[in-house]
Amino acid sequence: MSAAVEAVGLTKRFRPSTPMRDLLRGRPRPPERVAVDDVDLRIERGEVFGLLGQNGAGKTTLVRMLTTLLVPSGGTAHIEGLDVVGEARRVRARIGLINGDERSFYWRLTGRHNLEFFAALRHLDRRRATSAIDRLAARLGMTDHLDRPFGRLSTGQRQALAIIRGLLDEPSVLFMDEPTRSLDPISAERLRRFIADVVVGELGRTVVLATHSMVEAEELCGRLGFLQDGRLVALGSVEELRRAIGYGTRCELRLGATVGDPVDLLRPVARHGRVDVAPAGTPSPDGAAWVVQLTLPAADALPTVLDRLVGGGVPVLACRTSEMSLEEIYLQTLAAPPVPVVQPRPVTAP
């Protein structure tokens, strides 16, 4: 069976416009700008895949090529085995697109009339469309707001209508470009739960999510791709990305009074991670003399650290560990040279 989404060498270049006066004066054309650069990507059916990157990294351009809205400058892309250029009409019948800044609704029409209009544009059966609208509106808490003018709805309610529209014709692959960008935290959480419970859990759709929200990406996505300057610089699950960086377990140790500075005991650890030792300050409620911040390759390196301290006669008063967050992984990856890309593999949607 073909993948839900597959891209090989996908590239998009834009040539900036040149004023007529510059052309008449014989000035050279500005160089092309590469928005997406040789991207290889495979997303399995039923997977929730996240695209993360800075503004201008190429997320939206990549999504637009995969949804047939832009023609690639190079490479190929397929949706469920269908070419996005040569079979664009058939591709559109299998995909849905939801934007975070939705401007295509008619503000004087009610939400219901808007949805019925877009259903008619897609040649959906009227009775089937009405049933889908009512069913999805109930799941999103929109039943009492469908017959209000679109312009009088809140931002969250408008975004809920955009999601209903994107699911009307039951697409097998749903592309979401920053769907919670303008939403308050409560509305954003409600939308994430709908995506996880209904779109993925009940309907089993493949979701491609382009987002800036680390919470959203970590909560919903089985795998993530980091885009930087149009290139896919990292790919994998959160744990795979953490391992690719080389460290990911943070530990805070609070140490009692020692004869000397504990740095000498911890120096061998520094070769495999990060160590920051600082005085605890006076007075310390727990009697600690030193606070040690460690970043280790993995949690199983911690026993070696503790054995070294205890064997050196250092009292360990407290030990707290935590995994490196997705935001820290993202910042470290994009600040450092590109890490090795983890080969794509099937992942069960959360």
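Tutor: Start with a term: a patch is made of residues with over 30% relative accessible area and no salt bridge, and nonpolar side chains are joined within 5 Å. Keep in mind that this is a predicted model.

Student: How much accessible area do Tyr106, Leu109, Phe117 and Leu121 have together?

Tutor: These four residues form a nonpolar patch on the surface. One of them, Tyr106, sits in the loop between strand S6 (95-99) and helix H4 (111-121). Together the four have an accessible area of about 360 Å².

Student: Is Tyr106 buried, partly exposed or exposed?

Tutor: Its relative accessibility is 43%. Buried means under 20% and exposed means over 50%. Tyr106 therefore counts as partly exposed.

Student: And Ser17: buried or exposed?

Tutor: Ser17 lies in the loop between strand S1 (5-14) and helix H1 (20-24). The cut-off for exposed is over 50%. Ser17 has a relative accessible area of 71%, so the class is exposed.

Student: What distance separates the C-alpha atoms of Ser17 and Glu32?

Tutor: Along the chain, Ser17 and Glu32 are 15 residues apart.

Student: Which element gives the largest share of the lining of the largest pocket?

Tutor: The largest pocket has 18 lining residues, with Arg92, Ile95, Leu97, Arg122 and Asp169 nearest its centre. Helix H3 (88-92), S6 and H4 each give two or more residues to this lining. The largest share is 4 residues, and it comes from S6.

Student: What is the volume of the largest pocket?

Tutor: Its lining has 6 nonpolar, 6 polar and 6 charged residues. The volume of the largest pocket is about 590 Å³.

Terms used. Residues numbered from 1 in each chain as written. Predicted model: local features only at pLDDT ≥ 70, side-chain atom pairs only at ≥ 80, totals over all residues. Heavy atoms only, no water. Patch = residues over 30% accessible without salt bridge, like charges linked within 9 Å, V, L, I, M, F, W, Y side chains within 5 Å. Areas by Shrake-Rupley, 256 points an atom, 1.4 Å probe, with all protein chains shown as cover. Salt bridge = Lys/Arg side-chain N within 4 Å of Asp/Glu carboxyl O. Buried < 20%, exposed > 50% of the residue type's maximum accessible area, 1.4 Å probe, protein only. 1 Å grid on protein atoms, 1.4 Å probe; cavity = no way out; pocket = protein on both sides within 12 Å on 5 of 7 lines; lining within 4 Å. Points joined across faces, edges and corners; volume = space filled by probe spheres on them. Nonpolar A, V, L, I, M, F, W, Y, C, P; charged D, E, K, R; others polar.
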